[in-house]
Amino acid sequence: MQINPGAAEFPHRQIAAQLKAQVRRGDWGPGERLPSIPAIAEMFGVAKQTVQRAVDQLRVEGILITKPGSGTYVRGTRRRLNRLSRGRYGGFRGYHTDLAARYRQHLIGVGRAPAPPEVADAFGVPDGTELLVRRHLVRTEDSPVEVGASWFLPADTAGTTLERAEAFGRPLYQEAEEATGRRYATATDTISARQPSREEAETLQIRPDTPVLHLLHVAYDGARKPIEVAQATWPGPMTTLTEEYRIPGPAPEPDPDPGLMLG
């Protein structure tokens, strides 16, 4: 391990590139602990602060994680999100009753709260309007990977199971359809990238300067009135969004004009 003092690249970036290459080669596997910061500094012949900057860079990129009092580890596999929110509905209703178990989704709170601007806009109500919210956290074996919330109009949910602080044995939208008497018909997904709020950074156990991906999911009934507005926030470097779809074939050739075929 060495750096080139004469290179245009900063030393900490050279170190980050070499550490990343070692991870890709499998020198350190997912979940494996790296040598300590002082040990790596000694290997490269640089100050500990230089190595710390390299490790910080790789943390932001989602390659490494740091566990306080334990050390720096290679992050496990990225969470792959297929088809954005469409995965929650599936090919037919009721196909994934084990959704919560498979994704280790934990309900962390149910109650009424002021609607944030994007949720209020989706429902067409003033900012800060009190709505019912069900908050959740999704974890993998080693870390939280999603913090989210589903918002509903109190007029739709008063006295229903949606107000209970309990998880359901089926997808939330099916519970909402039965509780509200309204059928989910269409939905829109809006993805944006931004810096996390302080609370999001603490919950997701990421640095405040780590970008996040944020999803706003609005589900409508047949009359195009919102039933549910859901938010989900993921650590950007650790998350991939993948969608597979068919590409339309060539348009069919038009039938020849019979009039042009005469004679």
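User: Which residue does Trp151 stand opposite in β9?

Analyst: This is a predicted model, and in it β6 (144-152) is joined to β9 by 5 bridges, with the two strands running antiparallel. Within β9, the residue that stands opposite Trp151 is Val229.

User: What is the order of the strands in the open sheet of 6 strands?

Analyst: The sheet is open and its strands pair in antiparallel fashion, while its edge strands, β4 (105-114) and β7 (186-194), each pair on one side only. Neighbouring strands of this sheet are turned by 15° against each other on average, with direction ignored. Read across the sheet, the order is β4-β5-β6-β9-β8-β7.

User: Which helix packs on this sheet?

Analyst: The helix in question touches β5 (130-139), β6 (144-152) and β9. Its direction makes about 10° with that of β6, and it covers residues 172-180. The helix that packs on the sheet is α7.

User: How many bridges join β8 to β9, and how many residues lie between these two strands in their hairpin?

Analyst: Strand β8 covers residues 212-220 and strand β9 covers residues 226-235, and the two run antiparallel. Among the pairs along them, Leu215 has Ala232 as its bridge partner in β9, and Leu216 stands opposite Gln231 in β9. In the turn of the hairpin, Arg224 has a positive phi of about 65°. The strands are joined by 9 bridges, and the residues between them in the hairpin number 5.

User: Why is β9 described as largely enclosed by the rest of the structure?

Analyst: A residue counts as buried when its relative accessible area is under 20%, and for the chain of 263 residues 39% count as buried. Strand β9 is largely enclosed because the number of its residues that are buried is 10 of the 10.

User: Is Thr72 buried or exposed?

Analyst: Thr72 is found in strand β2, which covers residues 71-74. Leaving aside its neighbours within four places in sequence, Thr72 is in contact with Glu32, Arg33, Leu34, Val55, Leu64, Ile65 and Thr66. Its relative accessibility is 11%, and Thr72 therefore counts as buried.

User: How are α2 and α3 oriented to each other?

Analyst: Helix α2 covers residues 37-44, and its axis comes within 8 Å of that of α3, the two crossing at roughly 110°. Their contact is made by Ile37, Pro38, Ile40 and Ala41 of α2 and by Lys48, Val51, Gln52 and Val55 of α3, and by class it has 6 nonpolar, 1 polar and 1 charged residues. The orientation of α2 and α3 to each other is therefore roughly perpendicular.

Technical notes: Residues numbered from 1 in each chain as written. Predicted model: local features only at pLDDT ≥ 70, side-chain atom pairs only at ≥ 80, totals over all residues. Heavy atoms only, no water. Pairing = 2+ DSSP bridges. Helix = DSSP H or I, 4+ residues; strand = E, 2+ residues; numbered from the N terminus. Axes fitted to C-alpha atoms, helices over the stretch in contact; angles between N-to-C directions. Contact = heavy atoms within 4.5 Å. Buried < 20%, exposed > 50% of the residue type's maximum accessible area, 1.4 Å probe, protein only. Parallel < 35°, antiparallel > 145°, perpendicular 65-115°, else oblique. Nonpolar A, V, L, I, M, F, W, Y, C, P; charged D, E, K, R; others polar.
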